[in-house]
Amino acid sequence: QVQLVESGGGLVQPGGSLRLSCAASGFTFSMYAMRWYRQAPGKEREFVAGITITGRSRNYADSVKGRFTISRDNAKNTVYLQMNSLKPEDTAVYFCNAYSVVGGYEHWGQGTQVTVSS
């Protein structure tokens, strides 16, 4: 069964850091580009960061450039999001997404809550 399970969310003060993890199973992880999205209260789901299947190319939303880093470990079927210099506006539920360009498949995790507050 296809699963994406996020972890690592929590409460952090402004300026702090968190590292999110997304563990994948039930599909060929190395054949999927991976992305992080987030959804803040009262707002639409927003793209945060993406990484290609090899991990050699990455892209970010303008709002997180220079602060967040996406990475992946294909041996562990896991994608990460290192979040530094966190701001209150980063508060959201963060979702892991797997996307196959070739097959047109897409999978979603259940999300993990990140709250940035003093």
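Select Cys 22 and Cys 96 in this predicted model: the two form a disulfide, with sulfur atoms 2.1 Å apart. The count of disulfides comes to one. Cys 22 belongs to strand β3 (residues 18-25) and Cys 96 to strand β9, so the bond ties together parts that lie 74 residues apart in sequence. Look along the S-S bond: the angle is -85°, and the link is left-handed. Cys 22 and Cys 96 are both buried.

Next, go to Asp 90, in the loop between β8 (78-83) and β9 (92-99). Its relative accessibility is 0%, so Asp 90 counts as buried. A polar atom of the Asp 90 side chain lies 2.8 Å from the backbone nitrogen of Lys 87. Leaving out residues up to four places away in sequence, show what Asp 90 touches: Arg 38, Arg 67, Phe 68, Ser 85, Val 114 and Val 116.

Now turn to the aromatic rings, where the count comes to three pairs. In one of them, Phe 27 and Tyr 32 have ring centres 4.7 Å apart and planes at 70°, so this pair is edge-to-face. Phe 27 and Tyr 32 are both buried.

Then select Tyr 37 and Phe 47, an edge-to-face pair at 5.7 Å centre to centre with 80° between the planes. Tyr 37 is in strand β4 (residues 33-39) and Phe 47 in strand β5 (residues 46-51), ten residues apart. Tyr 37 is buried at 13% relative accessible area, whereas Phe 47 is partly exposed at 23%.

Finish with two arginines. The charged end of Arg 45 sits over the Tyr 37 ring, 5.3 Å from its centre. Arg 72 lies over the face of Phe 29, 4.4 Å from the ring centre.

Terms used. Residues numbered from 1 in each chain as written. Heavy atoms only, no water. Helix = DSSP H or I, 4+ residues; strand = E, 2+ residues; numbered from the N terminus. Buried < 20%, exposed > 50% of the residue type's maximum accessible area, 1.4 Å probe, protein only. Polar contact = N/O pair within 3.5 Å; in protein donor to acceptor, adjacent residues only side chain to side chain. Contact = heavy atoms within 4.5 Å. Disulfide = S-S within 2.5 Å. Phe/Tyr/Trp six-rings, centres within 6.5 Å; stacked < 30°, edge-to-face > 60°. Lys NZ or Arg CZ within 6 Å of the ring centre and 35° of its normal.
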